[in-house]
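This report covers salt bridges, pockets and a surface patch. The sequence and the structure come first.

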Amino acid sequence: MEKYCIERNALTPEIYENLRAKVSLQYYGREDVEEALAHTLFSVVIREGQVPVGIGRIVGDGRIVFFIKDVVVEPSRQHMGIGRMIMEELMGYIRQHGCPNAYAGLMALTGKEGFYEKFGFRVRPHEGQGSGMTQLVNTPS
């Protein structure tokens, strides 16, 4: 019996909120989380027994653009291969559903870039690619 179980498209608001809170990621209201998850292309939940210990999801248009979001591993379970399992599932989905030359992107947390480089992602700027850019919108003053 394997130690971890992979569940596809089983991400719930409760699991999402709980795991993100454990790693101190941005809080979002329940309505916003429910709406966001309803528009997720693909998600994965990694469980140890019945306990969710890792999540990841993909948003995008389903053919040309895929954006990896919310790759989170329970702090006490980090460095045990769970993140790799999540990324292999997410990248498998992109390879299966993406058209030729589909774009896969993500924004790594500081210090996590090397992890994503193992899956073929490149830190920007890179030859022929400018810097990635982000903006938080509707941020309370």
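Predicted model: local features only at pLDDT ≥ 70, side-chain atom pairs only at ≥ 80, totals over all residues.

Glu7 belongs to strand S1 (residues 4-8) and Arg47 to strand S2 (residues 42-48), so the contact ties together parts that are 40 residues apart in sequence.

The two partners fall into separate accessibility classes by the cut-off of 20%, under which a residue is buried. Arg47 has a relative accessibility of 15% and therefore counts as buried. Glu7 has 25% and counts as partly exposed.

## Other salt bridges

A search of the whole structure gives 10 salt bridges. Side chains of opposite charge can pair when their charged atoms come close.

One of the bridges joins Glu14 and Arg30, whose closest N and O atoms are 3.0 Å apart. This pair links distant parts of the chain, with Glu14 in helix H1 and Arg30 in helix H2, 16 residues apart. Glu14 is partly exposed at 45% relative accessibility, and Arg30 is partly exposed with a relative accessible area of 32%.

Glu48 and Arg77 form a further salt bridge, the closest N and O atoms being 2.5 Å apart. Here Glu48 sits in strand S2 and Arg77 in the loop between S4 and H3, and the pair links distant parts of the chain, 29 residues apart. Arg77 counts as partly exposed, at 26% relative accessibility. Lys3 joins Glu48 and Arg77 in a network of salt bridges.

## Largest pocket

The largest pocket has a volume of about 1200 Å³. Its lining has 36 residues, and those closest to the centre are Leu25, Val71, Met107, Leu109 and Tyr116. By class, the lining of this pocket is made of 20 nonpolar, seven polar and nine charged residues.

Which element gives the most to the lining of the largest pocket? Strand S4 does, with seven residues. At least two lining residues come from each of helix H1 (13-22), helix H2 (30-38), S4, helix H3 (82-97) and helix H4 (113-117).

## Second largest pocket

The volume of the second largest pocket is about 670 Å³. Of the 22 residues that line the second largest pocket, Gly105, Leu106, Phe121, Arg122 and Arg124 lie nearest its centre. Helix H3, strand S5 (103-105) and helix H4 each give two or more residues to this lining.

The lining of the second largest pocket divides into 13 nonpolar, four polar and five charged residues.

## Nonpolar surface patch

Which residues make the nonpolar surface patch of about 250 Å²? The patch is made by Ile64, Val65 and Tyr103.

Val65 lies in strand S4 (residues 65-73), the element that gives the most to the lining of the largest pocket. With a relative accessible area of 33%, Val65 is partly exposed. Patch residues need over 30% relative accessible area, so the value for Val65 passes that cut-off.

Technical notes:
Residues numbered from 1 in each chain as written. Heavy atoms only, no water. Patch = residues over 30% accessible without salt bridge, like charges linked within 9 Å, V, L, I, M, F, W, Y side chains within 5 Å. Areas by Shrake-Rupley, 256 points an atom, 1.4 Å probe, with all protein chains shown as cover. Salt bridge = Lys/Arg side-chain N within 4 Å of Asp/Glu carboxyl O. Helix = DSSP H or I, 4+ residues; strand = E, 2+ residues; numbered from the N terminus. Buried < 20%, exposed > 50% of the residue type's maximum accessible area, 1.4 Å probe, protein only. 1 Å grid on protein atoms, 1.4 Å probe; cavity = no way out; pocket = protein on both sides within 12 Å on 5 of 7 lines; lining within 4 Å. Points joined across faces, edges and corners; volume = space filled by probe spheres on them. Nonpolar A, V, L, I, M, F, W, Y, C, P; charged D, E, K, R; others polar.
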